[in-house]
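Open the model in your viewer and keep the selection panel at hand. Each stop below gives you something to select and then says what is there.

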10 protein chains.
Amino acid sequence: MREKENLTLLGNQQTEYSMDYNPSVLEAFQNKHPENDYFVKFNCPEFTSLCPITGQPDFATITISYVPDERLVESKSLKLYLFSFRNHGDFHEDVINIIMKDLVKLLEPKYIEVWGKFLPRGGLSIDPYCNYGKPGTDWEQVAWNRMSNHDMFPERVDNR
Amino acid sequence: MREKENLTLLGNQQTEYSMDYNPSVLEAFQNKHPENDYFVKFNCPEFTSLCPITGQPDFATITISYVPDERLVESKSLKLYLFSFRNHGDFHEDVINIIMKDLVKLLEPKYIEVWGKFLPRGGLSIDPYCNYGKPGTDWEQVAWNRMSNHDMFPERVDNR
Amino acid sequence: MREKENLTLLGNQQTEYSMDYNPSVLEAFQNKHPENDYFVKFNCPEFTSLCPITGQPDFATITISYVPDERLVESKSLKLYLFSFRNHGDFHEDVINIIMKDLVKLLEPKYIEVWGKFLPRGGLSIDPYCNYGKPGTDWEQVAWNRMSNHDMFPERVDNR
Amino acid sequence: MREKENLTLLGNQQTEYSMDYNPSVLEAFQNKHPENDYFVKFNCPEFTSLCPITGQPDFATITISYVPDERLVESKSLKLYLFSFRNHGDFHEDVINIIMKDLVKLLEPKYIEVWGKFLPRGGLSIDPYCNYGKPGTDWEQVAWNRMSNHDMFPERVDNR
Amino acid sequence: MREKENLTLLGNQQTEYSMDYNPSVLEAFQNKHPENDYFVKFNCPEFTSLCPITGQPDFATITISYVPDERLVESKSLKLYLFSFRNHGDFHEDVINIIMKDLVKLLEPKYIEVWGKFLPRGGLSIDPYCNYGKPGTDWEQVAWNRMSNHDMFPERVDNR
Amino acid sequence: MREKENLTLLGNQQTEYSMDYNPSVLEAFQNKHPENDYFVKFNCPEFTSLCPITGQPDFATITISYVPDERLVESKSLKLYLFSFRNHGDFHEDVINIIMKDLVKLLEPKYIEVWGKFLPRGGLSIDPYCNYGKPGTDWEQVAWNRMSNHDMFPERVDNR
Amino acid sequence: MREKENLTLLGNQQTEYSMDYNPSVLEAFQNKHPENDYFVKFNCPEFTSLCPITGQPDFATITISYVPDERLVESKSLKLYLFSFRNHGDFHEDVINIIMKDLVKLLEPKYIEVWGKFLPRGGLSIDPYCNYGKPGTDWEQVAWNRMSNHDMFPERVDNR
Amino acid sequence: MREKENLTLLGNQQTEYSMDYNPSVLEAFQNKHPENDYFVKFNCPEFTSLCPITGQPDFATITISYVPDERLVESKSLKLYLFSFRNHGDFHEDVINIIMKDLVKLLEPKYIEVWGKFLPRGGLSIDPYCNYGKPGTDWEQVAWNRMSNHDMFPERVDNR
Amino acid sequence: MREKENLTLLGNQQTEYSMDYNPSVLEAFQNKHPENDYFVKFNCPEFTSLCPITGQPDFATITISYVPDERLVESKSLKLYLFSFRNHGDFHEDVINIIMKDLVKLLEPKYIEVWGKFLPRGGLSIDPYCNYGKPGTDWEQVAWNRMSNHDMFPERVDNR
Amino acid sequence: MREKENLTLLGNQQTEYSMDYNPSVLEAFQNKHPENDYFVKFNCPEFTSLCPITGQPDFATITISYVPDERLVESKSLKLYLFSFRNHGDFHEDVINIIMKDLVKLLEPKYIEVWGKFLPRGGLSIDPYCNYGKPGTDWEQVAWNRMSNHDMFPERVDNR
Ligand SMILES: [Ca+2]
Ligand SMILES: [Ca+2]
Ligand SMILES: [Ca+2]
Ligand SMILES: [Ca+2]
Ligand SMILES: [Ca+2]
Ligand SMILES: [Ca+2]
Ligand SMILES: [Ca+2]
Ligand SMILES: [Ca+2]
Ligand SMILES: [Ca+2]
Ligand SMILES: [Ca+2]
Ligand SMILES: [Ca+2]
Ligand SMILES: [Ca+2]
Ligand SMILES: [Ca+2]
Ligand SMILES: [Ca+2]
Ligand SMILES: [Ca+2]
Ligand SMILES: [Ca+2]
């Protein structure tokens, strides 16, 4: 349960910032509204990692949207987790899949999707998107529907 | 019925503003168009509450959209109700669920949804969304459909 | 038929502007393309009426979108009709339902929807939406579908 | 076939500009990718015609979107065709239907839709939309689906 | 596999830029997440080719979105491939179909779509769109669904 | 002085709304910061009056910006004053000059400017601007400077 | 004087629209506020003329801003005047100078400036700007100052 | 000096949030670049206070921009200071002057300006602006110049 | 003089497009309004050249603004001239200076400025700006003033 | 001189990325246009450093604008230099002053300014700005003028 006494991270700024990929910082707490489904979306426009080949920094906006089952992710722990990619190198497509899988393991959510929008390199930008619906529930079909209708009205991008 | 003589709130500015969460200020009046369904949406870009852990102020835009059955919510009472969160502390996910449940109790609407878009803290922003369709009506299925297709074309957020 | 000789309103600026709600100014003319369905949308960003309680002016953008059957609404008569709300007092939810019902009576359209977006009062703005599909036609089902999927991607509003 | 030697219009600026409605300037050429469906959209933000009653100029953005069958419309001939409305008078609703029907006759496309967004006159603007799916094909159903879901998320218009 | 030692293109700026259409520069590498579907989108706002009739340069934003099966396209090779259209002449509709077919041959993806948005010539702009779903899989139906719902909420274009 | 007990307008919603031009509703109160200059700007996007020739409603955004001397204008009285133009007919150029002169008489400010931006009629919109600096002070020269540099970077207007 | 009885143009829609350049349609009326300077700006986003070489239509937004001396231009006559360029051919640079000179002749204003923003042809757009200050007055110097500081913060243009 | 050991506020989240106007929370530290002038701007879009008459919440974006002399304001203390207006009642014009005067007392800056942009109440919004230049320095003249050229190109506001 | 018979470029699409830097394509014609100063601005959002080191294509929006003396640049020749950079390699800073110097040689204008806004490479974009005022005229001082006040209110750029 | 053989950085991707503040990576090359002044602006929307107190990542857009004297900064070395702040901790105000001073030392430019716009922390964002004009030249006065007129028309910021 996210009670005042347990949430040391949120009320404590001496937190150590891990400098490489570290899924162990993720923390969860109990969902207080299990009787109805709801979405929680995180907007993370300050994500940064390194290119595994050239060592150059990459920048992205990551959007994480999920429907909790029994647990929610604690937001400050999510921030530390995302921060841990700062000096870590991975391809764009991998980063997005890895974030989703770490959160599936932590939360066992009904549904989750992760969308990355990376800044351009060499005139080209890459936006990977993955999702997951809990097997054996209606959310498995929702995941397929959302995947097959993904991004039908893409935003305009002009590299500037 | 929302008749001139009954609507003391709207024509009376001596209203006392409750300084902590107070669902009892909510008032309803009779729907004059029960023969056809219609949506009423409230845009509330001036919502503010407190973080239950740190006591810091949080800011959000709340959107409430519903299909009335027999009653509508009186808009000035809704404003007072939302104002009563001003010095109250609750997590983002809870605020949204609580607002929806208070309005379901008041209005017994055919359908309702509540979406909060909170300003960022620590580089991350959180946007919870919940909805409800009256059990045993077609709106129960609508609620599932709207939940499973929620926010498929998310707005761009850049923390600035 | 909208023929040159019949359309006195459009070519005549001595038109009297009715100062209170007056549905009798509405005029229709014959649809010249009855063999295929099409939409006609009116954007009316200059709507104004009075608050029935306080007498303060309210402002709105009204969008009217319909599929004609045998008749179209003459645009200048629609303008005069909307103008007639200028010194008339009614609640936001009622204004939208009344406009739709007056146009259903005039046009007997296959489909119609009316959406109002009112400027905020007290930090809150209200956007009602109603629609109608001709009973016994496929448009009845369309009306239900459009109602149940209404406004799933709401615009951002910031009161400024 | 759109081969270099045949496309006199595109490489020849002595073209005569017809000053009244003239569908005969439209030219088609052969679709080189008949084995797969694809959309071609034309954005035409510089359309202008005359009001049939007052003789005043009207301005519009016209969007034409179609799925070719055996023929494509040559773009310069389309430009001349649209230009031929310049001194021609017709109501907004008619202009859109006429353009669609002329292109259906020329191209016999699988699907086509035409959307006009006219600048306001007297504070009101009109946006007609029509479409067509080839009878006896799956595109007939697509036309109905697109018509019945048309413009569910209308753009904001403010006359300024 | 995209391993550091194999990706000579990404870490090597002496790459030769091919000056005419050259699909042979395209390179693929192995998908590391074959167990779940995901989308990868490329935004390419700097595409340029020549008009086959007049020799004038054309400019476009190309969006390529696909669901990988066994292989992903290497992003620097994709950039070189798109660059190879720079002094090559082809009609807008052909360019888009050709890009899609070359990528289908290279990747045999589950799904792919290519959308071009060309800058206006003579007041008119052209935006072709094509897609593909692997025959015999559910993605074949997805391709039809996405095609038949393509671009229902078109962006505003004003040539300026 | 704007003290709680004196400001009956602000705390009283039974205010009568005058239906024709009525400068007598304007009220002033004492400036509490006379030792330093400061600007106060009012944004009034809901102004409406009537065309003196045709009786048609006109709509405008009025911006009033002034540097107080001894008195400030009470904001609710300003609102009632602007409201009193609702059924009053005057040319755009006159409206702006009249508002400025009424406020000069009331406030004797150091400086004031009034800018109106009217919605288009017949494809043309009119934006008058006037200002005033107290004679015999440095603000007289400021008025000339601001007039002679007025609107050098005009906003884009597109009638839509 | 612009009095109700004299302004036949504004209250009369049988006005004939001149189809070629016709400065004689311009009409002026007396300035009622000669004691203070003020600006009047006209936004004209619907200007169209013909290219004198190719006969193709050109489109522009014209902004006219002036400080009246004894006379103001009547807005409907200005509209007819601008309309008279519709089938007239002139280069962009000439159109702007001609409009200014015709208005100087009509109004003998203290100051005037005319700015045209033409839609692109061949990927390039042209925006001419000219101004005038009455010789022998301070406005002559203002004209020089405004010319020498013209457009220092140009708007972004992207041909789309 | 802002050294790690002294900045308890920034590294300590147990800070108590004062619930009424409290200038004593403001803290300063030493300017490390006294040899050259520079501006520091704070954007504070989350300001909220109460209306002193009606008790209703007011919302504003406050911009504070200053040129330090010997001291800078510590950003977390500024946040607490602005937060202390949360349940405090004052008129818009007073809030801005008070903030400036408290910062002048704390920092004795070379120059400072404070601009508030309040959300509308009753269709009208108020934006006060004040500034200060250190007497006897060139910044005194800068303050006059900035005041006399303040806001010459005002932003567009539409209450929505 | 730009007379119909002399302007072969504008009415002739067989123009050869030079594939490398070629200032000789520039053509001028006589200024018909030498008695008054005026600005002519060209917006060129489709400029492209090559990086002299890597051979990669660079993209820019070029703005050219000048005050003619005796000659104007013919717009189609300007387009050909800009096109001739297409396969030419030069640094951003050089491209802008070269364009300005070629136009100074051709036109001997009173004043000219050239501003390039290049798309980002490696996360950084470069915007060079140069200008020129005819020596011995007031425009020499204007050039200094415009240079020293250049770009004081820079646009927001986000690489996306 | 920036000649092909000397610019190893631009044509060499094996560059090592320094992980802490490292001004020694900066490189300059010779200005080829010393006879005329011109501005070069760098837009750097991907800057990131660490908070010296909490260790949290900060994000900013940095704009660097300068007038070269004898030397220009090589853009890739600037990128490496800015990258070297990635794991370095400094206050916002210091970062901006340090960047300017390092570039003054390297380039001895006629003029330079550096503006940082940092993402919000705790609801507040900070935008420092500093500049420099070469002592004993006219640019010293320009620096004062630009400082004293800095940011008079601030952008809107809403933390979202
Ligand atoms: Ca951008
Ligand atoms: Ca924002
Ligand atoms: Ca807004
Ligand atoms: Ca906002
Ligand atoms: Ca607004
Ligand atoms: Ca507008
Ligand atoms: Ca544009
Ligand atoms: Ca435009
Ligand atoms: Ca507009
Ligand atoms: Ca608009
Ligand atoms: Ca554009
Ligand atoms: Ca545009
Ligand atoms: Ca707005
Ligand atoms: Ca951004
Ligand atoms: Ca962009
Ligand atoms: Ca933002």
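This is a predicted model: local features need pLDDT of at least 70, side-chain atom pairs count only at pLDDT 80 or more; totals for chains, interfaces and linings use all residues.

**Stop 1: chains A and B**

Select chain A and chain B. Superpose chain A on chain B: the rotation is 72°, the shift along its axis is 0.1 Å and the RMSD is 0.0 Å. The two copies are thus related as by a five-fold rotation axis.

Do the copies meet through the same or different surfaces? Different ones, because only 16% of the interface residues of chain A are also interface residues in chain B.

**Stop 2: chains A and I**

Colour the contact residues. There are 14 in chain A, touching 14 in chain I. Together the two chains bury about 1100 Å², with 46% of that area on carbon and sulfur atoms. Then select A:Leu119, A:Asn159 and A:Arg160. In chain A these lose the most area to chain I, together 59% of what that side buries.

Next, look for charges. Chain A and chain I share 4 salt bridges. One of them pairs I:Arg160 with A:Asp127, whose closest N and O atoms are 2.7 Å apart. On the side of chain A that touches chain I, strand E5 (111–118) and strand E6 (125–133) are the elements that give two or more residues.

**Stop 3: calcium ion (ligand 9)**

Centre on ligand 9. Which protein atoms are the donors of this calcium ion? They are D:Arg160 (O), F:Asp158 (OD), F:Arg160 (N) and F:Arg160 (O), at 1.6 to 2.6 Å. The pair D:Arg160 and F:Arg160 crosses between chains, each residue lying in the segment after helix H3 (138–148) of its own chain.

Check accessibility at this site. D:Arg160 is buried, at a relative accessible area of 8%. F:Arg160 is buried as well, also at 8%.

**Stop 4: calcium ion (ligand 14)**

Move to ligand 14. B:Asp158 (OD) and I:Asp158 (OD) coordinate this calcium ion at 2.7 to 2.9 Å. B:Asp158 is in the segment after helix H3 (138–148) of chain B and I:Asp158 is in the segment after helix H3 (138–148) of chain I, so the pair joins two chains. B:Asp158 counts as partly exposed, at 31% relative accessibility. I:Asp158 is also partly exposed, at 31%.

**Stop 5: H:Phe59**

Finish on H:Phe59, in strand E3 (residues 57–67) of chain H. Is this residue buried or exposed? H:Phe59 is buried, with a relative accessible area of 8%.

Show its neighbours. From chain B, H:Phe59 touches B:Glu46, B:Thr48, B:Phe59 and B:Arg86. Contacts within chain H include H:Phe47, H:Lys117, H:Leu119 and H:Arg121. Last, draw a distance to H:Pro45. H:Pro45 is 14 residues from H:Phe59 in sequence and 8.6 Å away, C-alpha to C-alpha.

Terms used. Residues are numbered from 1 along each chain as its sequence is written. Chains are lettered from A and ligands numbered from 1 in the order in which they are written. Side-chain values use heavy atoms; hydrogens and water are left out. Donors are N, O and S atoms within 2.8 Å of the metal (3.2 Å for Na, K and Ca); water is not among the atoms, so sites may look incomplete. Helices (H or I, at least four residues) and strands (E, at least two) are DSSP runs, numbered from the N terminus. Buried means under 20% relative accessible area, exposed over 50%, partly exposed in between (1.4 Å probe, protein chains only). Contact means heavy atoms within 4.5 Å. Buried area is the accessible area (1.4 Å probe) that two parts lose on being put together, summed over both. A salt bridge is a side-chain nitrogen of Lys or Arg within 4 Å of a carboxyl oxygen of Asp or Glu. Copies are superposed by least squares on the C-alpha atoms of residues with pLDDT of at least 70 in both. Lists of a residue's contacts leave out its neighbours within four places in sequence.
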